[in-house]
Amino acid sequence: MLGLRRIALLGALLLAACGDPPKPADDLAASADLAMACTTDTSCGGATPYCDAKSGQCVACMKEEHCPDGKLCNGGQCAIGCSALKGCGDGGTCDVDAGVCKSCGADPDCSGATPRCDLATARCVACLPEKDDCPMGKSCSKVNGVYTCVQGCKVDDECKADGGALTAACCDHLCVNTAADNAHCGKCASPCDVAKTCCAAACFDPMTDLDHCGGCGLACKPANGTGACMAGLCALTACAMGFNDCNKSLADGCEVNLGTDTKNCGMCGMVCATANGTPGCNGTCTVAACAMGFADCDKDPQNGCEVDLTSTLAHCGMCGAACAAVAHGTPACKAGQCAVAACDGTFKDCDGSLANGCELDTASDVKGCGLCGKSCPAVANGTAACAVGVCAVGACNGAFRDCNTNLGDGCEINSASDLKHCGLCGNACAAIANGTVACTASACAVGACTAPFKDCNASVVDGCETNLTSDVKHCAACNTPCAAIANGTPGCAASKCGVGKCNGTFADCNLGPVDGCEADTATDAKNCGVCGKVCPFAQPCVSGLCQLPVNGTGSSGQLIVNFGTTIINTVASAAAGVTGSTALSLSLPAGFAAGQIVLLHQSQGQGVGAWELNYISALAGNNATLLRPLQNDYLIGGKDRAQAVMVPQHSNLSVAVNSTITAPPWSGNTGGILVFLASGTVKLDGAISMAGRGYRGPLKPGMIKFPGGQGEGTPGIGAVSINANGTGGGGGGRDQCECCFAGSGGGGAHAQGGVVGQVGGGCEPAGKAGGPAVGDTQLATLFFGGAGGAGASDDTGTGGDGANGGGIIYIATPSLTLNASGSINASGDKGGLETNGSGCGSGGGGGGAGGAVFLRATAGSLGNSQVSAQGGIGGDDPNNCGVGGGAGSTGRIHLAGGIVGTTNPPAQ
């Protein structure tokens with residue numbers, strides 16, 4: 001299928017034969033064939049669109065032309081090969097005798113990144129092992145069957161090019177340190193015995209060796225003692241005479257000399273301490289010396305140098321020299337001399353004489369206020385004082401005030417007229433709006449107003465509060481109010497009364513104050529949302545938005561499909577826009593035009609499932625202007641995929657028997673959506689189908705012994721993993737053993753989670769089903785069906801392809817009729833079948849989930865289960881002995897209007 005991506009091989013797979021796996025138990029035997037027999041091609045679809053009349057089974061091909069270039073039809077399957085009639089396309093030249101495609105016969109046939117010709121496979125490759133000309137640091141090896149330069153060395157010198165150790169060598173294309181590598185000790189392929197370790201390029205027994213006890217370089221030679229290496233652990237066996245291991249640590253051995261160590265004097269833990277001095281040890285603790293300024297006045301070595309001669313009152317300067325008492329204070333011994341330590345309260349020792357002590361009280365004396373020798377200065381407009389040791393203003397004269405508490409300028413403020421201190425300190429007259437303020441007789445008042453403002457309420461609090469040019473209560477002059485207006489409030493502009501503000505959604509579109517706010521933009525089709533915005537198609541205006549024609553205008557004319565398949569909705573583009581904006585960016589604007597209705601859809605990533613219909617009012621290059629503001633964000637870039645699809649607006653539409661209408665499948669950027677409007681009738685004797693045109697299923701693994709890939713889902717393309725990919729099913733697992741069975745793929749999700757694949761052989765993990773259900777019953781969000789995961793391959797066969805999910809169908813018309821042969825289908829595909837060689841353990845592919853069907857009609861008849869969005873079953877070949885894939889979830893169907901009939905699954 002278009003856009004499908006083959007899973008990249010992760011590495012060269014082991015091809016050694018391991019024999020057939022055990023036959024499966026009875027309870028693991030293949031289930032009965034659930035496939036329906038066919039009679040014509042119309043009974044088939046998806047990956048098997050042709051009917052083999054002999055077997056009655058749907059197959060992938062019946063003729064060579066049913067297969068792509070590079071493949072031939074063999075037993076109903078497209079197999080790799082070519083012939084004189086079936087070429088290779090861009091895959092090379094066909095060797096008709098061998099029936100295979102070749103790209104080279106010699107090195108000159110190759111160039112660029114693949115300059116060498118691998119004659120065994122006739123493919124151009126990056127290198128050949130017989131002459132390894134890969135760059136330094138790489139060697140020639142097979143990756144996925146192709147010779148490629150991969151990381152790895154060729155010679156020893158490449159291991160030293162980056163400054164590596166001199167002992168580095170190239171062993172089996174890997175740089176190793178032969179000084180420490182057990183498998184290459186001293187040189188390549190020179191392994192140490194199991195019980196030995198490579199240390200310094202030689203093998204040693206770390207259980208007993210004293211130089212390498214327990215590991216390389218770990219010497220067992222304790223200081224001042226004797227050690228032994230026992231069972232890889234170093235132990236201290238004895239200490240030298242006069243030494244001991246006090247910290248019980250092997251690291252420093254017998255670390256203590258008991259004859260000199262003041263922390264372990266004579267025995268471990270015996271700590272010598274001398275207060276204010278230095279201890280000594282000669283087998284017992286001693287005092288070695290006193291610190292400067294300290295003395296051992298009591299001659300007791302137990303308390304050390306107990307006296308501080310620089311500060312002790314009883315021993316000031318020398319033992320026994322005591323200091324006398326101080327008047328209004330306390331004595332102190334400072335630097336070994338008696339002195340005044342502190343004065344009581346506010347007393348100070350101003351003359352520095354110890355004999356009279358603290359002779360001056362600085363709390364109240366203006367001649368020594370706060371400190372010795374400081375006299376208080378005279379005060380302007382008042383008198384001075386000393387209060388609590390600080391010179392200050394004692395009292396102010398008349399209306400003068402000391403507002404800044406600054407002794408230097410005294411009582412500096414006249415509060416009778418000062419704007420910042422009007423009447424009292426700190427009472428600042430606030431600036432008034434639109435005028436100036438004044439302080440008169442110690443009270444704040446309005447001074448003057450700036451035109452066109454006036455003090456209409458005679459209050460200094462709000463100043464000149466009224467703008468005579470815009471105040472509706474004082475328009476042009478104080479107390480001249482403007483009259484009321486219809487559907488709004490009056491306004492005053494340039495000193496003239498008019499419309500001020502309109503109520504709610506009303507607007508003054510004719511700019512005439514006589515009729516006030518005459519237009520309701522919520523309902524006026526000539527002023528919808530804003531003044532002057534006229535709704536197209538003579539459609540009504542509801543809540544300020546022009547309503548699009550539900551069933552279109554019929555501008556696309558009548559569509560009658562009498563034969564074959566007709567593809568619509570081919571005009572589509574990746575699109576981006578943000579909620580509330582009318583701007584939309586189109587990556588491919590070709591085919592879009594002003595006057596078209598478009599369906600916008602967030603197909604993957606953030607906000608996935610969001611959709612809406614809108615109308616292009618104008619288009620300039622890649623930029624479209626929409627009629628209505630966007631209701632959702634539409635994002636592109638990274639994993640985000642949003643698209644715009646042009647919506648045909650037919651008058652009538654009919655599809656004859658054996659005829660089909662469809663739309664392009666999801667490509668990873670656009671497609672997967674079939675949408676049209678019909679202003680007349682829609683009659684179906686044929687089909688409208690988006691089956692298998694949603695999220696894409698991965699191809700089966702290209703090699704044996706390989707896990708399956710995830711199905712595509714809401715986050716984007718999947719990877720090789722058993723976990724679900726959003727709504728995409730997980731791939732079958734194969735990671736337990738060399739010759740085991742393989743797990744099958746999980747089913748895709750939509751209205752419910754998909755079904756988990758089957759476990760391969762009881763041990764290999766199955767692909768997990770698609771994540772939890774998405775969408776809603778009213779289809780306010782629209783989702784493609786999640787794709788199924790691919791089955792894993794066993795050691796002789798290959799797993800099944802993951803199945804595509806169903807696409808999206810949206811139809812709106814007054815009349816919708818499905819006759820007996822008519823159908824509307826957005827179902828998911830069936831998972832691919834597993835294939836097996838000599839073994840029997842491959843996994844089937846997971847089934848795709850059903851898509852979404854939204855039908856809106858005033859009246860209509862759908863018949864019985866002719867509208868479907870079923871999930872595809874998992875791939876399971878009853879003639880094979882692998883395990884079947886998980887089934888995909890059902891999709892969602894929503895009916896709006898007066899439509900009758902049943903659907904599968906039931907409409908919501």
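Author: Cys343 is partly exposed, with a relative accessible area of 25%; buried means under 20% relative accessible area, exposed over 50%, and partly exposed in between, with a 1.4 Å probe and protein chains only. This is a predicted model, in which local features need pLDDT of at least 70, side-chain atom pairs count only at pLDDT 80 or more, and totals for chains, interfaces and linings use all residues. Residues are numbered from 1 along each chain as its sequence is written, and side-chain values use heavy atoms, with hydrogens and water left out.

Reader: What is the handedness of the disulfide of Cys343 and Cys358?

Author: A disulfide is a pair of cysteine sulfur atoms within 2.5 Å, and Cys343 and Cys358 have theirs at 2.0 Å. Cys358 is buried at 0% relative accessibility. The torsion about the S-S bond of Cys343 and Cys358 is about -85°, so the disulfide is left-handed.

Reader: How many residues apart in sequence are the parts that Cys38 and Cys51 tie together?

Author: The sulfur atoms of Cys38 and Cys51 are 2.2 Å apart and form a disulfide. Strands are DSSP runs (E, at least two residues) numbered from the N terminus. Cys38 lies in the segment before strand S1 (50-52) and Cys51 in strand S1, so the pair ties together parts whose separation in sequence is 13 residues.

Reader: Is Cys203 buried or partly exposed?

Author: Cys203 is joined to Cys192 by a disulfide, S to S 2.0 Å. At a relative accessible area of 30%, Cys203 is partly exposed.

Reader: How many disulfides does the count come to?

Author: A disulfide is a covalent bond between the sulfur atoms of two cysteines. Under the distance rule, the count of disulfides comes to 41.

Reader: What is the average twist from one strand to the next in the closed barrel of six strands?

Author: The closed barrel runs S43-S44-S47-S46-S45-S48, with antiparallel pairing. Axes are lines fitted to C-alpha atoms, and angles run from 0 to 180 degrees between N-to-C directions. From one strand to the next, the twist averages 45°.

Conventions. Pairing = 2+ DSSP bridges. Helix = DSSP H or I, 4+ residues; strand = E, 2+ residues; numbered from the N terminus.
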